[in-house]
Protein chains: 2
Amino acid sequence: MQAEIITIGDEILIGQVVDTNSAFISKTLNKIGVSVYQITSVQDDKDHILKALQEAESNANIIIITGGLGPTKDDITKNTIAEYFNDKLVVDEAVLKNIEQLWENHIKKPLLQVNKDQALMPSKAQALMNIYGSAPGMWLEKNNKVFVSLPGVPFEMKALIDNEVVPRLRSKFNFPFIKHKTLLTYGLGESSLADRIEVWEDNLPSYIKLAYLPNLGKVRLRLSGKHTDRTLLETEMEQQIQQLLPQIEDVFFGYEEDGNIEAIVGKLLAKEEKTIAIAESCTGGKIAESITSVAGASAYFKGGIVSYATETKINILGINKHVIDNYSVVSAEVVEAMATSTLKKFNVDYAIATTGNAGPTKGDSNAEIGTVFIAIATKNNVYSEKFNFGNHRIKVINKAVNKAFEMLQKEILKK
Amino acid sequence: MQAEIITIGDEILIGQVVDTNSAFISKTLNKIGVSVYQITSVQDDKDHILKALQEAESNANIIIITGGLGPTKDDITKNTIAEYFNDKLVVDEAVLKNIEQLWENHIKKPLLQVNKDQALMPSKAQALMNIYGSAPGMWLEKNNKVFVSLPGVPFEMKALIDNEVVPRLRSKFNFPFIKHKTLLTYGLGESSLADRIEVWEDNLPSYIKLAYLPNLGKVRLRLSGKHTDRTLLETEMEQQIQQLLPQIEDVFFGYEEDGNIEAIVGKLLAKEEKTIAIAESCTGGKIAESITSVAGASAYFKGGIVSYATETKINILGINKHVIDNYSVVSAEVVEAMATSTLKKFNVDYAIATTGNAGPTKGDSNAEIGTVFIAIATKNNVYSEKFNFGNHRIKVINKAVNKAFEMLQKEILKK
């Protein structure tokens, strides 16, 4: 069973919008056993869309189209789909009612003709009701193949995929079994990791594939299995992982299925009933933001201080000015003082602190661009490490955040 | 002059990686006058890659391929490209030397055979030297069409596009003129905006197109022009914008070409020589992170307090416990006290504060999920607004951050 995704919109082809919809749809389809053969982004142009529909129909059983369904005039998707199905647009009364209710209950502004026109649909299409917006999804069938058209707004598209598309696909098709399991590692490069686990990799059965996905100091190892026998596949994958784990135990930190590192560390903190606070200089609040992006973070995160300016480190965090003058603001002494002060001020079990120079120019310190010190303080100890994360500002910040979570996780797991 | 982008990698088709490379490449190509006809994401599979190359060659003059060039075994791109060009792989001595130097100066680990093998290239290809990694880019030509293959790591790919691909394309082709200008608006929905500017839009000349790009409470209006006469196009676009601006002055906040709202507000602060600090509860550090993502933020950002826990609001920010008990932690009174306290503690010209409930469960307050209060304090004034941003945690946080910058910008522009 194969699917293709077609995303429609000039905004994608001129690079003003990153297509995040396709990743969400691909992930969701893969989970239910549907492989995605190809993702194609095409222009807001009738002939181009028709050509893409034709090609997709020849490769796949399920064609998911996103984009081009807003209320404004750059939308031609619906007319093109009608043409592809030799159909015409008619008003769908249920959709119109949904739009009217949306305006009455939430939008609370006059209902315009452009909004009412969103109830126009090909007569052969079934409407997929959009609970968050005015553009309905559409479900069409042709020669036992399914065509789904969805609005491009990610939030609306996701709800339609989860609530409408997946249940309908499941009830229409019988899916084979696909399983992915992704092991998260930090601290070892892609090629060193590949070299270390080469023998294991060479002995994987043919129906299990391995891929290396490196990013900012972390490498994800993705195992993908496909088999008609679900039990056999699950057992074999589990055994392969059990063989792999001892070979990577110094760099393995969790499974992607359990969330990103901030979610994994968050679960650890919640389980151990420990609390944390932060003092961020060069990372500028991104560690706090990452921690609080996880639902339930209030159980372990008390907050922290973004001490971006040197005077903030002195006046708010209470770092001794002499320490800064003697060692410079980017130093082990300062970052450890930041962590210790935060631990006390917030009365927490763990404090993380960062100071450094993310560039592009040097700040209140002569430290080389890319230099970052990260400290961890606990009730018994404080220590720091020095890094150089290169000369790309956003990359320096992101690598520092990743490394801070890595150090924190290792500290929590110390017993 | 048209281009196609082919991204290679199963990780994209199973949705584990969002393809951000294509947006960057599209944006860069459009800037130099090259339209992108299509973006196609294909599997790590020889036949599929060959088919995509063939189709791209039939549509475009420039074919950019990313992905599939890492050191590990999931890479088949180079062999497939060699096959497409009836070519074989040979060691490129300059690339090998680059890899050896990279290992000696930066990686400082043993150079493995898998790394050395990255110097293998089709004999007809010119190497594009990768200064940040071991996988070289490749430049091939066929019937006056250009094929470029680049590594998928965004950082490495971007440097190769900017330093190698764009200069070579410019010297090979004569590009037509394309101009984009994107007006940023906040506070008005897509359809209301469309309704308001309908007459203006209907009178746009045929060579200037308008698109509406809505996202999280902001709508971007993108004008795209294409003409052989550069002066005529630039003059006409400027005149159209001057006609449009008075119709949207209450919601217009800048041009995308000047950066996102945090960059635009940052420039304003720097120009006015004003300083800012933050106190964030429900936004958890994301306002600080957004401010500091802009290079040069240290000129105006002193820092702030992430007061996630109620006790942090009391102990660190110094909010009176009675105020919290009387009005609840999610209230106008508390958010205004947070802003005022931050203004004083950090001795700044502007303070932003947020408190709210991003969900999924209620915290130390009975406020409805999605409720957010945002306050702005200045030396003369403090005020707040109450919002409800829905029930999707990350969306609530992002909308609150956007709204905070909107309020801040309006405050700075008050005279």
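User: Which salt bridge does E83(A) form, and how far apart are the closest N and O atoms?

Analyst: A salt bridge is a side-chain nitrogen of Lys or Arg within 4 Å of a carboxyl oxygen of Asp or Glu. E83(A) forms one with K46(A), where the closest N and O atoms are 3.2 Å apart. This pair links distant parts of the chain: E83(A) belongs to helix 4 (residues 77–84) of chain A and K46(A) to helix 3 (residues 46–59) of chain A, 37 residues apart. Helices (H or I, at least four residues) and strands (E, at least two) are DSSP runs, numbered from the N terminus. Over all chains, the rule gives 32 salt bridges.

User: What should I know about the origin and numbering of the model?

Analyst: This is a predicted model, in which local features need pLDDT of at least 70 and side-chain atom pairs count only at pLDDT 80 or more, while totals for chains, interfaces and linings use all residues. Residues are numbered from 1 along each chain as its sequence is written, chains are lettered from A and ligands numbered from 1 in the order in which they are written, and side-chain values use heavy atoms, with hydrogens and water left out.

User: How many residues does each chain bring to the contact, and how much area is buried?

Analyst: The size of an interface is often given as the accessible area lost when the parts come together. Here buried area is the accessible area (1.4 Å probe) that two parts lose on being put together, summed over both. Chain B and chain A bury about 7300 Å², with 54% of it on carbon and sulfur atoms. With contact meaning heavy atoms within 4.5 Å, 93 residues come from chain B and 94 residues from chain A.

User: How many salt bridges cross the interface of chain B and chain A?

Analyst: The rule finds six salt bridges there. E289(B) forms a salt bridge with K286(A), and the closest N and O atoms of that pair are 3.8 Å apart. On the side of chain B that touches chain A, strand 2 (residues 35–42) of chain B gives the most, with seven residues.

User: How does strand 2 of chain A run relative to strand 2 of chain B?

Analyst: Two strands pair if DSSP finds at least two bridges between them. Strand 2 (residues 35–42) of chain A and strand 2 of chain B run antiparallel, joined by five bridges. In this pairing, T40(A) stands opposite T40(B).

User: Which peptide bond of chain A is cis, and what is phi of N143(B)?

Analyst: Most residues other than glycine have a negative phi, and most peptide bonds are trans. A cis peptide bond joins G359(A) and P360(A), with omega about 5°. P360(A) is in the loop between strand 15 (350–356) and strand 16 (371–378) of chain A. In chain B, the peptide bond from G359(B) to P360(B) is cis, with omega near 5°. N143(B), a residue other than glycine, has a positive phi near 50°. N143(B) lies in the loop between strand 7 (137–142) and strand 8 (145–150) of chain B.
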